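Q: Can you walk me through a structure? I'd like to begin with how two of its chains meet.

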4 protein chains.
Amino acid sequence: MNVIKEWKTLLIPYEQAVEELKVKFKAIRNQYRELNEYSPIEFAMGRVKKISSIIEKAERRSIPMEQLEEQMEDIAGIRIMCQFVDDIYEVVNLIRERSGKDFTVLYEKDYIKNPKDSGYKSYHIIIKYPVQTALGTKEILAELQIRTLAMNFWATIEHSLNYKYKSHIPDGIIERLKNSAIAATRLDEEMMEISREVVNAQLMFEEKSNT
Amino acid sequence: MNVIKEWKTLLIPYEQAVEELKVKFKAIRNQYRELNEYSPIEFAMGRVKKISSIIEKAERRSIPMEQLEEQMEDIAGIRIMCQFVDDIYEVVNLIRERSGKDFTVLYEKDYIKNPKDSGYKSYHIIIKYPVQTALGTKEILAELQIRTLAMNFWATIEHSLNYKYKSHIPDGIIERLKNSAIAATRLDEEMMEISREVVNAQLMFEEKSNT
Amino acid sequence: MNVIKEWKTLLIPYEQAVEELKVKFKAIRNQYRELNEYSPIEFAMGRVKKISSIIEKAERRSIPMEQLEEQMEDIAGIRIMCQFVDDIYEVVNLIRERSGKDFTVLYEKDYIKNPKDSGYKSYHIIIKYPVQTALGTKEILAELQIRTLAMNFWATIEHSLNYKYKSHIPDGIIERLKNSAIAATRLDEEMMEISREVVNAQLMFEEKSNT
Amino acid sequence: MNVIKEWKTLLIPYEQAVEELKVKFKAIRNQYRELNEYSPIEFAMGRVKKISSIIEKAERRSIPMEQLEEQMEDIAGIRIMCQFVDDIYEVVNLIRERSGKDFTVLYEKDYIKNPKDSGYKSYHIIIKYPVQTALGTKEILAELQIRTLAMNFWATIEHSLNYKYKSHIPDGIIERLKNSAIAATRLDEEMMEISREVVNAQLMFEEKSNT
């Protein structure tokens, strides 16, 4: 078996898992809307890590290739976006309640209450997910990242800069990134102030649109 | 709870199941292609039965509304299309092997070896499928229909006519439908004659396209 | 012709136009990426105004139904999201250069340099767009809204509140909305500070991903 | 500019054109359905020719690379599927009527009245289509193939075999292909016999589904 086929064989269950998990989290939002209830999920998206990024991360963390499946938790990644910070914790509860059914929660990291030094904020949950593929049954790890739209905007920018500077961002830019993280948090706080008003408004809106 | 909300609550798990099953069967095809192997599945599609059709069928078969979930097997329907008749039986095997994993096979009906009087041909498998929704866990029934492209063409036409004549198609048209069923079977037989050649050809094609 | 059919006949060209314009603006982004150049468009989406909203707006502005097509400019709406404020003006230039080709620019409103009292910011361009449908040829009006992610977040929230309070938002909430508009602008300013760094970073990223 | 970028620059307008034309032909079908009228288009799909196939065809036909855009008509290809043979000619009329509006018909080839020796049947129309891309304005050629489902089934099989045998299919298989072409034509004829019944039935079906 050549290298390309080996990579394909490795990644097929992850691609399958990402497709299934996207359907599952997008459905939650649609179901709330159909029932005229406020959805804590604004939208969901997913991706399988690029081969080049897997290799790079494996080298950086000294993960041997044959232990990728046990030690790299974000080959399959699902991102769930929320309107308000409070919604994030509601989504976390939804996910916890589902543990033991179609997936199992392994552990959680709350980078909102404990942001990274860089300013990075998000709630991470690592799950174990069983998939059936043309190659048979497999249990894979997946990372769920739950964040507000402002946190996501900031994280996308930071990701680009980390890539550019190979994780050695110059001090001046690190300073600016921290300032923008503060501005993003400030926006989330202001939004939280009017969130209760908005949640009710959006419910009324859904109801009317259905008629 | 009003009637519309009751129907929505009933159908949400079926909609979710159809979305998930579509992803699963489409993935099988993509996985074979990625691995440069011939896929017995040409494509897959799905639908939830319309409310008006559910009511009509319930009346016709005297199914009380509160027993819909146990007695109506095709509220969730998945259609799997194959190039050749032999592929159908390969797909049936794939599905049987998966029973007890992400779904359970309840029973099968082989309308290819035993076509209906009308001329209808297809292989049906009824499965039990567990879904998680915003409303909790649920096990639903789903019908998998596996057929060739020619069988599908014919079945679509017959479905339209049955609808038009409320299942009382005039004799003259019944006769013509039978003739076209014979023509469809003849096409499938001719295609089977060259199928082995084609399967190899398509494998070569996939391989080259990847380079 | 009944009322439902009349509405359908009115809206079909708008639906068609929105589909075509979405394809066109999404394509611009993909083309920049394929050529390893920075795309000023982050993503694009579109919608046709709901019938209930058209009626409501027609009443509010005293537009007679038979003048809808000439006087209501946002029945077809396209929203173009940018990472940075500067990108908005680059997109505006792209659109101006295309005037007279597949569409014609009628006029522009710069609510970024001149925000509305509420705090609303966006750049609007009204275009005339020719469509061919099953019903024949038609020239329709469409509104292009170009904004940053932070402007969009804020505008979505304001829209919900306007809906809830039928455009009579209580003073206390108006105050809070203004505060959050300031926070959104602050985030956009901080992001602009690092935008040049990010643009270069994203270009490098694209280039590597392609190999 | 390297070779990969040259190919990308060549193909971007074709990709754009295929996306736009797919939207346009799919819309026709949806519009008929919305208006409760029978649609002669069953579905539409499109593709840009693979680079390897372009090179191969250019060599086979001695087309110099710098004349690709004028001499190769099927780099952009749209396939329109119909239920019945009569529908094909209705679609042809629709396309002719649109000439001079969003595209221009250059010429037509009726391989249904005059099938190829191999048994191949389809109606081809070559059009000139103007596109706007990030690279500017361009007029490209596109091939529209209009066929029934049975013609398409056969053509897909023949394409695979031609690929396998590099256009030198052994005599025995050529014979079998011809037999299956006859079976496909027979199926289309039988279907035509009941087509008027079906068209009416599908109209009634649409109408009821909308209520």
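This is a predicted model: local features need pLDDT of at least 70, side-chain atom pairs count only at pLDDT 80 or more; totals for chains, interfaces and linings use all residues.

Q: How many residues of chain D are in contact with chain C?
A: On chain D there are 24, and they touch 24 residues of chain C.

Q: How much area do chain D and chain C bury between them?
A: About 2,300 Å², with 57% of it on carbon and sulfur atoms.

Q: Why give an area at all?
A: Because the size of an interface is often given as the accessible area lost when the parts come together.

Q: How many salt bridges are found across the interface of chain D and chain C?
A: The rule finds two. One of them pairs D:K24 with C:E20, whose closest N and O atoms are 3.4 Å apart. There are also ten residue pairs in polar contact across this interface.

Q: Which elements give two or more residues to chain D's side?
A: They are α1 (3–34) and β4 (123–133) of chain D. α1(D) gives the most, with 14 residues.

Q: And what kinds of residues are on that side of chain D?
A: The side of chain D that touches chain C has ten charged, seven polar and seven nonpolar residues.

Q: New topic: how far does helix α1 of chain C reach?
A: Its 32 residues, 3–34, span 46 Å from the first C-alpha to the last, close to the 46 Å expected at 1.5 Å a residue.

Q: Where does α1(C) bend?
A: At C:L11, by about 35°. A proline, C:P13, follows within four residues.

Q: What comes just after α1(C)?
A: C:N36 is there, with a positive phi of about 55°.

Key: Residues are numbered from 1 along each chain as its sequence is written. Chains are lettered from A and ligands numbered from 1 in the order in which they are written. Side-chain values use heavy atoms; hydrogens and water are left out. Contact means heavy atoms within 4.5 Å. Buried area is the accessible area (1.4 Å probe) that two parts lose on being put together, summed over both. A salt bridge is a side-chain nitrogen of Lys or Arg within 4 Å of a carboxyl oxygen of Asp or Glu. A polar contact is a pair of N or O atoms within 3.5 Å; within protein, one must be able to donate a hydrogen and the other to accept it, and residues adjacent in sequence count only if both atoms are side-chain atoms. Ala, Val, Leu, Ile, Met, Phe, Trp, Tyr, Cys and Pro count as nonpolar, Asp, Glu, Lys and Arg as charged, and the others, Gly among them, as polar. The expected span of a helix is 1.5 Å times one less than its number of residues. The bend at a residue is the angle between axes fitted to the seven residues ending there and the seven starting there.
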